[in-house]
Amino acid sequence: MIISTSDSARTERAILAWSLAGLAAFAVLPWRALDYGLFDALPSELWDAVGWRVADWLPWLPTVVLAVLAVRPWRAAAPALAYRIDAALGGAAILALLAGAKIWGVPLGLAAAIQITALGAIAALAAARLGYVQGDGFMTGSILLIAGLIAAFILFPLSTILIRVVVDFKTGEFTPFRFFEIVMSPGFGRALWNSLVLAIAVAVSTTILGLVFALYATRATARFRGLIRIFSILPIITPPFVVGLALILIFGRSGTINDGLLALFGSGGLLVPEGGSGWFQRSGYIYGFWGIFLAQTLAFTPVSYLVLHGLFGTISPSLEEASLTMRASDWQTLRHVTFPLLRPGIANAFLLSVIESLADFGNPLILGGDYDVLSTEIYFSIVGARLDYARAGALGLTLLAVSLAIFVIQNRWIGRKSYVTVTGKGGGGHLMPLPSWMQNSCGVVVYAWIAFTAVLYGSIFMGGLVANWGADYTPTFTHHAELWAAGLNYGGWPSYLNTLKLALIAAPLTAVLGILIAYVTTRKRFVGRGLVDFGAMLSFAIPGTVMGVSYILAFNVPPIQLTGTALILVVSFIFRNMPVGIRTGVSALSQIDKSLEEASLTQRAGSLRTIISVVLPLLRPAIISASVYSFIRAMTAFSAVIFLVTAQTNVATTYILARVERGNYGVAVAYGSVLILTMLIVSMLIDHFVGRSRVQRRVALAGGNA
Amino acid sequence: MKRFLIPLAASVAVLASVSSASAAGRLVVYCSALPDWCEKAVETFGKAHDVKVSMTPIGSGSGYARILAEKDNPQADVWYGGTLDPHSQAGVNGLLEAYQSPMLKEIAEPYRNPATSKGHHSAGIYVGILGFSYNTEVLKQQKLTAPACWSDLTKPEYKGLIQMANPESSGTAYTALATYVQLWGEDKAFDYLKALHKNIAQYTKSGSAPGTATARGEALIGFGFLHDHAKEIKAGFPMKMVVPCEGTGYEIGGLSIIKGARNMDNAKKFYDWALSKEGQEVAATTGSFQTPTNVNAKVPPEAIKMDGVKLINYDFVKYGSEATRNKLIDRWIKEVKPIER
């Protein structure tokens, strides 16, 4: 442990600055959380919430500690001892503050958050001086921040679900067998079984379709590649249940197909003899297994396409060429060389689709009919006639356990078995074209898909422009007028602008946090990495409904009281979409050689400096694409936010759902089409950008390999 | 010193952004009536009493769940509208403030203190009648006869043409379930539900969905509270309401003050207003056609006339209780739902 005097002086200045910031927050900012939210509070309420005016001793606890830290009476002691005192005092003050707030029921506000940050930063600075994370203050602070956030917003909420299941809410009794009672109760087994059957069926179909798409896009004619790209990203930018809504317009009881069949074969139909009663009656076949299956297949095929497409790019053509040179036929090559290389990718796409299908909530909600799955059962345990949080908790834990298990399989078993064949030796050669029969049959599937998607999206856009789809096809703008022409405070505007605002706030934070986690977990060795790894992994597997339930249970009472505010939505967006940032970060970082940072660090640039001037420029495309993807996911978020929105914080998806529930399909799809257009424009604009930056990344990759 | 400037700037921005808000206090309403009605009600009340009202539209089930979750730290002051059962449950579980409003004298007797606790935790603000409606055009197309009684609905000719909500998720459907049990006894009621099950096209998640589906011709017959259906008829859909001949159940719209409300005085003011003639007549102006409980309030012409209606003596105490509710719903899930149809 080498402690140089100039470094010590720098640390001491930073400690002083942080403690003064904490004291200033105490002096002027609301310390207690405001009952009606920060931005909706009256001046008198703000004034009464300022630290020194709160009639409670709790605000004084961190304030006194910060004041002591500003003075540092032990500064003359040996550095090792002094820094130990700083770190211990900072950490202890945070824990005491949280415990006190929990026990005495004091909701923590802005100033308290600043004070906790200040105490954490001081502890991190001191710990770094003591040699933690190779004496790196910035990295120590980041790790502490990440661990704190993961503990507060992933582990803590999930623990409240667990507690709700094993402790009776009303009596406070310990009920260890409640979970098993619920699991054995009627309906539970069926919902679990239905979920699994659906997930596997959907995963099979999306994997096959994804494979066909990937084969066609990489190996067949290049003519329609752009079209395939648009149609494969469409479902990603579509709010989850709008696809389901389009299916209702086409296949529903008064949908196009039923109307058509009725006109031909129904009572009094064209092909029915005069006076005959007809052979066809309206059918609700779309509501149930096949409806959800179709909607999820449409929604998740692009995911497996993207996974497989990425993998195709990593297969070196030289292996195929070798096979062909040795006189193997096209088909033999495809069968014995290409497919074995694809196997882990296929398994990967399959398991990802299973996880997505298990977590999907929107499509089963509107198309489910009698087909209950776990995600809808969780929702209806709370909003339905049962009002049973323990049941919701037990269902949620089951769903979480299943998707976590699948995620672990996917991550540990398959994720490691990579057959990447890109090496530093330039892989020249040409990709083998498909055998022609295969190319043709793939083509048929691809074009059928594109035609089908086009019809569905056409119905979304047209459905908003006719009076009443299924009954009255008079063109009209009334739906759009109701949404957009009544002024900014009415109709669709408040929820639209609110969604836009929250998604824009959350997106960069999501990207930065995710990439920071990726950086820390791939590049650094430190105590507590297990926790960060585990939290990150949970965030990948946690289904939205489970997250929504856990957030209302956890953040309704002090110390962190967020329900009813817009902040809880931003927080849920960040932690729900964090995997996007982590994934992007990990893959981008794996392409950047560590030696670049080491060079910077050896030249005595701090890690903050290294990150800013070496890592960040190389990661810029990753940050942009992670931000865009998080933005889109936040705009279309549904399964978690439905538990968290209020009238003031309504978002687009919940507004649309309310209209669907009232049978107002016209307005719902009109809104949906505007949302899709918004995101199509945004993602195309950014694609333009990132499309260019992707070249830069490839250059960087080449540099790293050389 | 950037770190000091940021909080400082933030606090200035905060102070500036809130300077516009000022009123004689606040009120937070959880509203389980239809959103249009909720908005109109809080707007009218807020203007009349100069109170800054914020309102959250929330289903009655979710409303109860949220109030229960917020027990230690109530976010809302008043819970307005929605079927009485969850209000009852909340009252029994000690989540509500007892309040005997001076306006209760204008309320028809059965609705003054209807909740299970019998402790003036909730009052009734409207009555909605359970029944079903049929789509007249679909009826003509299929050349079927119009149903008039609950028992008509088990006829094979209606197979696949009826929609009802799922009692697991919908309070409306639970009211129907409880109504049959009170009409015929539990075993006979389940025999009826099993026979009815054969004709059901789909059990919807929400209680109002069968009505909208019937209006749009997706179903011939839809169950529901008839005031919801009156709204569709008013909108021009070819639909006719039926009050079943055997007699039927009804719902009472609940009104409660939440225990530990932060704005207790305004909550009481709102409570009195919601029971008054003016308060109850707001509903019809937004197209909600329940029957008001204030004897002086005007009954909207679209609402069902109470004189011709055979109402059962609905036992809100027994059938609102959690034990009965869970028992009946569990039996339905076990005995009715799995039958093939």
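In this predicted model, chain B has 341 residues and a radius of gyration of 22 Å, which agrees with the value near 20 Å that a compact globule of that length would have. The C-alpha atoms of chain B fill a box of roughly 80 × 50 × 40 Å along the principal axes.

- Chain B contains 13 helices and 11 strands.
- Of the 341 residues in chain B, 55% are buried.

**Positive phi angles in chain B**

- Asp50(B), a residue other than glycine, has a positive phi near 50°.
- The loop between α2 (35–49) and β2 (52–57) of chain B holds Asp50(B).
- Asp50(B) is exposed because 10 other C-beta atoms lie within 10 Å, and the cut-off for exposure is 12 or fewer.
- Lys118(B) is not a glycine either, yet its phi is positive, at about 55°.
- Lys118(B) is found in the loop between β4 (96–97) and β5 (122–135) of chain B.
- Lys118(B) counts as exposed, with 12 C-beta neighbours inside 10 Å.

**Domains of chain A**

- Chain A is assigned domain 1 (1–130), domain 2 (177–248 + 287–438) and domain 3 (466–706).
- The centres of domain 1 and domain 3 of chain A, taken over C-alpha atoms, are separated by 31 Å.
- Nine residues from domain 1 of chain A and five residues from domain 3 of chain A take part in the contact.
- On the side of domain 1 of chain A that touches domain 3 of chain A, six residues are nonpolar, two are polar and one is charged.

Methods:
Residues are numbered from 1 along each chain as its sequence is written. Chains are lettered from A and ligands numbered from 1 in the order in which they are written. This is a predicted model: local features need pLDDT of at least 70, side-chain atom pairs count only at pLDDT 80 or more; totals for chains, interfaces and linings use all residues. Domain bounds come from an automatic or database domain assignment. Two residues are in contact if their C-beta atoms, placed from the backbone, lie within 7 Å. Ala, Val, Leu, Ile, Met, Phe, Trp, Tyr, Cys and Pro count as nonpolar, Asp, Glu, Lys and Arg as charged, and the others, Gly among them, as polar. Helices (H or I, at least four residues) and strands (E, at least two) are DSSP runs, numbered from the N terminus. The radius of gyration is taken over C-alpha atoms; the globule rule is 2.2 Å times the number of residues to the power 0.38. A residue is buried if 20 or more other C-beta atoms lie within 10 Å of its own, exposed if 12 or fewer, and partly exposed in between; C-beta atoms are placed from the backbone.
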